Amino acid sequence: MKNRLKVARAEMDLTQEELAKRIGVSRQSINAIESGRYVPSTVLALKMAQVFGKSVEEIFFLEETD
């Protein structure tokens with residue numbers, strides 16, 4: 001799964017640490033999600049979407065190989 005998390009963070013001028021604190025995870029988790037090493041749970045994806053005021057589909061999307 002691909003994501004636009006880094007772009008969404010930049011639009012709100014949030015660091016990985018700030019986003020992590022808002023949703024209750026570690027900065028390393030945010031880094032792993034951004035780099036595609038970790039796929040977030042549905043609850044975590046919904047929390048991120050809520051922070052950014054976007055739908056989950058605006059942040060996360062499937063690749064052809066998914």
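Asp13 sits in the loop between α1 and α2; helices here are DSSP runs of H or I with at least four residues, strands are runs of E with at least two, and both are numbered from the N terminus. This is a predicted model, where local features need pLDDT of at least 70 and side-chain atom pairs count only at pLDDT 80 or more, while totals for chains, interfaces and linings use all residues. Residues are numbered from 1 along each chain as its sequence is written, and side-chain values use heavy atoms, with hydrogens and water left out.

Back to Asp13. Its phi is near 55 degrees, a positive value in a residue other than glycine. With a relative accessible area of 68%, Asp13 is exposed. On that scale, buried means under 20% relative accessible area, exposed over 50%, and partly exposed in between, using a 1.4 Å probe and protein chains only.

Now the core. A nonpolar core is a set of buried Ala, Val, Leu, Ile, Met, Phe, Trp, Tyr and Cys residues joined through side-chain atoms within 4.5 Å. The largest one has 16 residues, and Leu5, Leu19, Ile23, Ile30, Met48 and Phe52 have the most contacts inside it. At least two residues of this core come from each of α1 (5-11), α2 (16-23), α3 (27-34) and α4 (42-52). The largest share, six residues, is supplied by α4.

What is Leu5 in contact with, leaving aside its neighbours within four places in sequence? The list is Leu19, Ile30, Ile33, Glu34, Met48, Phe52 and Ile59, where contact means heavy atoms within 4.5 Å.

In α3, the buried residues are Ile30, Ala32, Ile33 and Glu34. They pack against β1 (2-3), α1, α2, α4 and β2 (60-61).

Next, the helix pairs. Two packed helices are described by the angle between their axes and the distance between the axes. Here the axes are lines fitted to C-alpha atoms, for helices over the stretch in contact, and angles run from 0 to 180 degrees between N-to-C directions.

For α2 and α3, the axes come within 8 Å and cross at roughly 110 degrees. The two are therefore roughly perpendicular to each other; that label covers 65 to 115 degrees, with under 35 roughly parallel, over 145 roughly antiparallel and the rest oblique. On the α2 side the contact has Gln16, Glu17, Leu19, Ala20 and Ile23, and these meet Arg27, Ile30, Asn31 and Glu34 in α3. By class, that is four nonpolar, two polar and three charged residues. Nonpolar covers Ala, Val, Leu, Ile, Met, Phe, Trp, Tyr, Cys and Pro; charged covers Asp, Glu, Lys and Arg; the others, Gly among them, are polar.

For α2 and α4, the axes come within 10 Å and cross at roughly 115 degrees, so this pair is also roughly perpendicular. Leu19, Arg22 and Ile23 of α2 make the contact with Leu44, Lys47, Met48, Val51 and Phe52 of α4. The classes are six nonpolar, no polar and two charged.

Lys47, in helix α4, is partly exposed, at 38% relative accessibility. Its C-alpha is 16 Å from that of Thr15, 32 residues apart along the chain.

Last, Glu57 is in helix α5 (residues 56-59) and counts as exposed at 58% relative accessibility.
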